[in-house]
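We will select them one pair at a time and look at how they sit against each other.

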Amino acid sequence: MIAQLAAALTGTIGFALLYGVPRHFYPTCGIIGMLGWGLYLLLEPLIHATFATAAATVLVAFLSRLLAVVWKCPATIFMICGLFPLIPGGGIYWTTYYLVIGEQNQALATGYGALKAAVAIVLGIVFTSILPQAFFGRAARPLCRLTGRIQAKWKSR
């Protein structure tokens with residue numbers, strides 16, 4: 001599990017680099033992606049993978065919106081990068097592979113799983129987006145004070 005969390009952290013930071021995220025947001029993006037993947041890994045043995053994906057997406061979207069208030073930047077910076085480990089790229093690859101080799105039943109099964117994961121991601125984002133922005137403003141106040149101190153220390157260097 002530790003290796004998978006490290007891979008999620010590294011992969012998310014790598015995607016943030018490719019996506020053009022400012023450098024000082026790399027650690028935040030990586031931690032959000034790692035936490036989302038960690039929640040998925042914890043829930044997947046207990047509940048269906050689709051519901052684990054939805055729960056991890058809710059966590060990623062919630063943290064993205066919260067930290068967007070803290071760092072005063074768009075939430076999409078953190079959300080797109082943080083969702084990277086949850087994207088069903090493997091399922092889409094195997095669906096295409098099975099279609100090419102003529103295994104329609106396998107293609108249908110893997111395609112249906114990938115579609116369920118994609119819908120779970122969308123629903124997780126929608127569920128979090130219905131929370132009012134004022135909620136995140138109030139919830140972020142203690143973090144804003146903490147990051148204000150961190151930013152002051154960085155600027156003084």
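Start by selecting α1 (residues 2-19) and α2, two helices that make a right-handed crossing. Helices here are DSSP runs of H or I, at least four residues long, numbered from the N terminus. A crossing is left-handed if the near helix is turned anticlockwise from the far one by less than a right angle, and right-handed if clockwise. The axes of α1 and α2 come within 8 Å and cross at roughly 140 degrees; axes are lines fitted to C-alpha atoms over the stretch in contact, with angles from 0 to 180 degrees between N-to-C directions. That angle makes α1 oblique to α2 (under 35 degrees counts as roughly parallel, over 145 as roughly antiparallel, 65 to 115 as roughly perpendicular, and the rest as oblique).

Now show the side chains where they touch, with contact meaning heavy atoms within 4.5 Å. On α1, pick Q4, L5, A8, L9, T12, I13, A16 and L17; on α2, pick Y26, C29, G30, I31, G33, M34, W37, G38 and L41. This contact has 12 nonpolar, 5 polar and no charged residues. Here Ala, Val, Leu, Ile, Met, Phe, Trp, Tyr, Cys and Pro count as nonpolar, Asp, Glu, Lys and Arg as charged, and the others, Gly among them, as polar. As you look at the spacing, remember that an α-helix has 3.6 residues a turn, so residues three or four places apart point the same way.

A word about what you are viewing: this is a predicted model, where local features need pLDDT of at least 70, side-chain atom pairs count only at pLDDT 80 or more, and totals for chains, interfaces and linings use all residues. Residues are numbered from 1 along each chain as its sequence is written, and side-chain values use heavy atoms, leaving out hydrogens and water.

T28, C29, I32 and G33 in α2 meet I77, F78, C81 and G82 in α4. These residues divide into 5 nonpolar, 3 polar and no charged.

Next, select α5 (residues 89-101) and α6 (residues 104-129). How do they cross, left-handed or right-handed? The crossing of α5 and α6 is left-handed. Their axes cross at roughly 160 degrees, so the two helices are roughly antiparallel. G91, I92, W94, T95, Y98 and L99 of α5 touch Q106, A107, T110, G111 and A114 of α6.

Finally, color by pLDDT, the predictor's confidence in each residue, from 0 to 100. Where is confidence lowest, and where is it highest? Helix α7 (residues 133-156) is lowest at a mean of 61, and α2 (residues 26-43) is highest at 95.

Conventions:
Expected span 1.5 Å × (residues − 1).
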